[in-house]
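Good morning, everyone; I would like to take a few minutes to go through one model with you.

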Amino acid sequence: MLKMSYTAKKTNERVLQEAQSKRSLLDKIRKRQATFFGHMMRQEELENLIITGMMTGRRCRGRQREKLTDSMAKWLGMGSVVAMLQKTKMRQERRRLIANAMEQGT
């Protein structure tokens, strides 16, 4: 469509700029993750304990895996996970956070 050779060394970002397009799929995935995360945080059940990482026991060896809470806090632009968890309990505040993150396109 753009008459671009497949052997050309171009980054995905540059191709998207030339096509004058945005990463809409990634934005949709993150928005759905955020709504699911808020849904789980309102419930005081096992899923909430698992997502927040309040399980007993030992961690596996090696580098720690990136947690859902860490990636959500980074995407929403929150400084800490604790502040994000407090704001997700309030539905209007969570919706405002998600809308701001979608506008910024991070």
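This is a predicted model: local features need pLDDT of at least 70, side-chain atom pairs count only at pLDDT 80 or more; totals for chains, interfaces and linings use all residues.

What percentage of the 106 residues in the protein do buried residues make up? They make up 21%, where buried means under 20% relative accessible area, exposed over 50% and partly exposed in between, with a 1.4 Å probe and protein chains only. Residues are numbered from 1 along each chain as its sequence is written, and side-chain values use heavy atoms, with hydrogens and water left out.

Turning to the fold, the protein has six helices and zero strands, helices being DSSP runs of H or I with at least four residues and strands runs of E with at least two, numbered from the N terminus. The radius of gyration, taken over C-alpha atoms, is 18 Å, well over the 13 Å from the globule rule (2.2 Å times the number of residues to the power 0.38), so the protein is more spread out than a compact globule. Along the principal axes, the C-alpha atoms fill a box of roughly 55 × 40 × 20 Å.

Let me close with one residue. Glu18 sits in helix α1, which covers residues 12-18, and counts as partly exposed at 36% relative accessibility. Between the C-alpha atoms of Glu18 and Thr56, which are 38 residues apart along the chain, the separation is 50 Å.
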